[in-house]
Amino acid sequence: MRPEWVLALGVLVSAQASAADWKMDPAPSRLEFVATFEKTAAPGVFKEFDTRLERFEPEKPEAAKLDVTVKVTSADMKNGDVNRAIRGPEWFDFARFPQAEFHADDIRRVAPGRYLARGVLSLKGMKKDLEVPFTWQESANAATMEGELNVERLQFGIGTGEWADGKTIGLGVRVKFNVRLRKVG
Amino acid sequence: MIANTPESWGGLAKFFHWTVALLILAQIPLGFAAALWRLSPLKLELFVWHKSTGMLILALMLVRLGWRLANPAPGLPPQTPCWERRAAHASHGLLYALAIALPLSGWVINSAAAVPFSVFWLVPLPPIAAPDERLEDLAKLAHFSLLVALCLVLAVHIGAALRHHLIKRNDVLLRMLPRAWGRP
């Protein structure tokens, strides 16, 4: 084999080695949301969700793909009455829309360790473009993805009817995530 | 004029008495309305009013208790029998205790239920108990029982005041009224 071919093969192998697939470690991972209730922060959490990140290369993330699925029915706002209320058709409508998804295949590095994933969020039967900023910290075969963003609940028809004016339950919801990932191959 | 005299209540004691009386009068129907209303924005608003009023009553009662301890109350008419004096002391003590315990038990309900709440939409109220559904149920039972007790003692209190005024024809009721209301 000619030396330049060996070099090219070497570059290819090393490039593939640094672009890895990542799977979520559910136990330490958190997906939280903070609504406002009578002008006071009302935190909640989605207890079940999953994150997959494919072909992610920290230096060159363009080819990567991010997929998040959220079991909406695992939402917990720490209060029995509230948890019963958010199941209903005016809020999350568990019966018809038990799952939300976010898919992004446009991931850019905006600064060292900081990224922006542009994709589509499907929630309560509606699809909207969404930009998700996140930080990335990697060590050995584990990584932490962390970020937060605002979601306007009415874009997804959450809190309709008499709740839509946003006076008692605010319109903006802060979403925060801290995801632990493990390298798979 | 602010302080009590041996014969009559001072301005501050009257202010506390009637302000708390009016707040309690509003608070009881407000509480029932909030608890019984169907889940809607109005229900949440009613609860903010009820809880805020409760915290206001609690704050006023604590200051009032301090004032009551610092400033001796006017005496009862000299011919008042011993059992009546004891009954008066006991019912006044109970009213103070209940007007403080009711908002406290409400605060426990709100804390155990983990409901975010800001007093009059302004001041976030910290929890005084960890989220716990069993404690929430217990505190609700206590809140309602204390309310029943308050209504009973209030009936005695109002009845006794009217008896002093209408039957015994002394100034025990009049001396708690604002002076502008034509007390000699």
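Colleague: Which residue in E11(A) stands opposite Trp22(A)?

Modeller: Lys183(A) stands opposite Trp22(A). Before we go on, this is a predicted model, with pLDDT of at least 70 needed for local features and 80 or more for side-chain atom pairs to count, while totals for chains, interfaces and linings use all residues. Residues are numbered from 1 along each chain as its sequence is written, chains are lettered from A and ligands numbered from 1 in the order in which they are written.

Colleague: Thanks! In what sense do E1(A) and E11(A) pair?

Modeller: Antiparallel, over three bridges, with E11(A) covering residues 172-183. Two strands pair if DSSP finds at least two bridges between them. E1(A), residues 20-24, also pairs with E4(A), residues 49-56, in the antiparallel sense over three bridges.

Colleague: And what is the bridge partner of Ala20(A) in E4(A)?

Modeller: Phe56(A) is the partner of Ala20(A).

Colleague: Stepping back, how many helices and strands are there in chain A?

Modeller: Two helices and 11 strands. Helices here are DSSP runs of H or I with at least four residues, strands are E runs of at least two, and both are numbered from the N terminus. Along the sequence the pattern reads α-β-β-β-β-β-β-α-β-β-β-β-β.

Colleague: What share of chain A is buried?

Modeller: Buried residues are 25% of its 185 residues. Buried means 20 or more other C-beta atoms within 10 Å of a residue's own, exposed means 12 or fewer, and partly exposed is in between, with C-beta atoms placed from the backbone.

Colleague: Now H4(B). Why does its end-to-end distance agree with its length?

Modeller: H4(B) has 35 residues (133-167), which at 1.5 Å a residue should span 51 Å, and its end C-alpha atoms are 50 Å apart, so the two agree. The expected span is 1.5 Å times one less than the number of residues.

Colleague: What do the buried residues of H4(B) pack against?

Modeller: They pack against helix H3 (82-112) of chain B. Among the buried ones are Glu136(B), His143(B) and Leu150(B). After H4(B) comes Arg169(B), with a positive phi near 50°.

Technical notes. Contact = placed C-beta atoms within 7 Å.
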